Amino acid sequence: MTQTLDVGGRFSQLDSSHPVDATTSAAQTRASQFGTFAITFGITFPLLYTVFERLNWPLFTYQPAVGKLYFWLHRPLSGEGPPMYWYGWIVLAVASAFVVGWIATMVSGQWLRRATVFCCALAALWPAALAALRIFITDWATFDADFLNSVWVAAVPGFLGAAAITYFVPSRLAERAWTSWLLIVPIGGLVVLGYSLQQYFVR
Amino acid sequence: MDIISGIIREDTFWKILLFVHFLLAVSLLAAVTLQAVAVLMPARQAAGNFVDRSPVPAASYAAVIAILYVLQALMGAWVYVKYRTYVRIPMEELRHWWTVGSFEFKEHVVTMGMGLLPAYWYFWRQPLSAEHDGVRKWVTIFLALSVWYAFIVGHVANDFRGVGS
């Protein structure tokens, strides 16, 4: 009788362990998805914030002196005082990074790490290509090369370079370096934004 | 704003906000500095089974730091309205370019730190993952440095035109 009860007890333990396992597994999946979202958001947000600040793409412009809010970029009218774009850059970067982070939870890990390498490489190479083209136009070109002074012309070497880097970076390195982008991107962004402020420090 | 200006002077209202901003800054600075010190000087394994404990339970600070950081950023964004119209313009007129530039950079530093908060919070979730030891440490140090930079630059701007200046 005792043995029967013991066996029955064991069966009931086994049976009851299934819902517990399922709950634990669901919790782990949620935690893992949140981790993917948080890391992707942490990489995307500083990247997009830097891009939006440099291109001056605010979602809205606030005019504090008159308390008015305008959609997108608004150049102040006479008597409106100084405009504030900072809020607009942040809100646009948060919304965009949120969408990217959400999409990241739905794609495979390997694809996500490759895409991260591609986007970060592109973010570095595209403006670098544009700067190189401008140097070429002013210092080297022996013909009228003004047509090269275009972000779309610079996009070609930018995309090709980023694609080549993404292709040649080994999967293991992309995997290991993924969380490192969390520090590389904000620091890189701060270098770019700090450089853009040099006018204040060299007067 | 009209309701508030009926109770206290507008100038006093902004000074109270700035003082709350300062109090939050001190709290955040203390918490994030203690945590950064804890990750830089982790618990050591002493003789036998005894562990030489870290001076602060670093993980328990993470949620407090994340909440304080967001509150502080929101408060800073509110006070920033007054800075843009009442402080920065005379700063430029008096050619305090280093202060203006440093404050502009502060906006970017604080924003970058804010973007890291979800990942920071994830890395400090219990149980702590050994896989994320390195990135957890560096994200914490980044946040600590950003808070220190913001505090010092904010203090300099306050000395130009703020509470007690």
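Which element gives the largest share of the lining of the largest pocket? Keep that in mind as you load the model, which is a predicted one.

**Stop 1: the largest pocket**

Select A:Leu47, A:Val51, A:Leu122, A:Ala123 and A:Pro127. Among the 41 lining residues, these lie nearest the centre of the largest pocket. The space here comes to about 1,400 Å³.

Now colour chain A by helix. Two or more lining residues come from each of α1 (2-55), α2 (86-104), α3 (109-140), α4 (151-168) and α6 (181-196) of chain A. The opening question is settled by α3(A): with 16 residues, this helix provides the largest share of the lining.

Next, colour the lining by residue class. The largest pocket shows 33 nonpolar residues, 6 polar and 2 charged.

**Stop 2: the second largest pocket**

Move to chain B. Select B:Leu18, B:His21, B:Val79, B:Lys106 and B:Gly154. They lie nearest the centre of the second largest pocket, which has 36 lining residues. Its volume is about 820 Å³.

Which elements of chain B each supply at least two residues of this lining? Show α2, α3 (58-93), α4 and α5: each of them does. The largest share, 11 residues, belongs to α3(B).

Apply the class colours again. The lining of the second largest pocket splits into 22 nonpolar, 8 polar and 6 charged residues.

**Stop 3: a helix pair in chain B**

Select residues 97-123 for α4 and 133-160 for α5. Two packed helices are described by the angle between their axes and the distance between the axes. For this pair, the axes come within 8 Å and cross at roughly 150°. Angles over 145 degrees count as roughly antiparallel, so α4(B) runs roughly antiparallel to α5(B). The crossing is left-handed.

Which residue classes make up the contact of α4(B) with α5(B)? Colour the contact and you will find 18 nonpolar, 6 polar and 2 charged residues.

**Stop 4: B:Arg9**

Is B:Arg9 buried or exposed? B:Arg9 counts as exposed, because its relative accessibility is 59% and the cut-off for exposed is over 50%.

Finish with a distance label. Pick the C-alpha atoms of B:Arg9 and B:Ala150. The two residues are 141 apart along the chain, and these atoms are separated by 28 Å.

Key:
Residues are numbered from 1 along each chain as its sequence is written. Chains are lettered from A and ligands numbered from 1 in the order in which they are written. This is a predicted model: local features need pLDDT of at least 70, side-chain atom pairs count only at pLDDT 80 or more; totals for chains, interfaces and linings use all residues. Side-chain values use heavy atoms; hydrogens and water are left out. Axes are lines fitted to C-alpha atoms, for helices over the stretch in contact, and angles run from 0 to 180 degrees between N-to-C directions. Helices (H or I, at least four residues) and strands (E, at least two) are DSSP runs, numbered from the N terminus. Angles under 35 degrees count as roughly parallel, over 145 as roughly antiparallel, 65 to 115 as roughly perpendicular and the rest as oblique. A crossing is left-handed if the near helix is turned anticlockwise from the far one by less than a right angle, and right-handed if clockwise. Ala, Val, Leu, Ile, Met, Phe, Trp, Tyr, Cys and Pro count as nonpolar, Asp, Glu, Lys and Arg as charged, and the others, Gly among them, as polar. Buried means under 20% relative accessible area, exposed over 50%, partly exposed in between (1.4 Å probe, protein chains only). On a 1 Å grid over the protein atoms alone, a cavity is a set of points where a 1.4 Å probe fits but cannot get out, and a pocket is an open set with protein on both sides within 12 Å along at least five of seven lines; lining residues have an atom within 4 Å of a point. Grid points are joined across faces, edges and corners, and a volume is the space filled by probe spheres set on the points.
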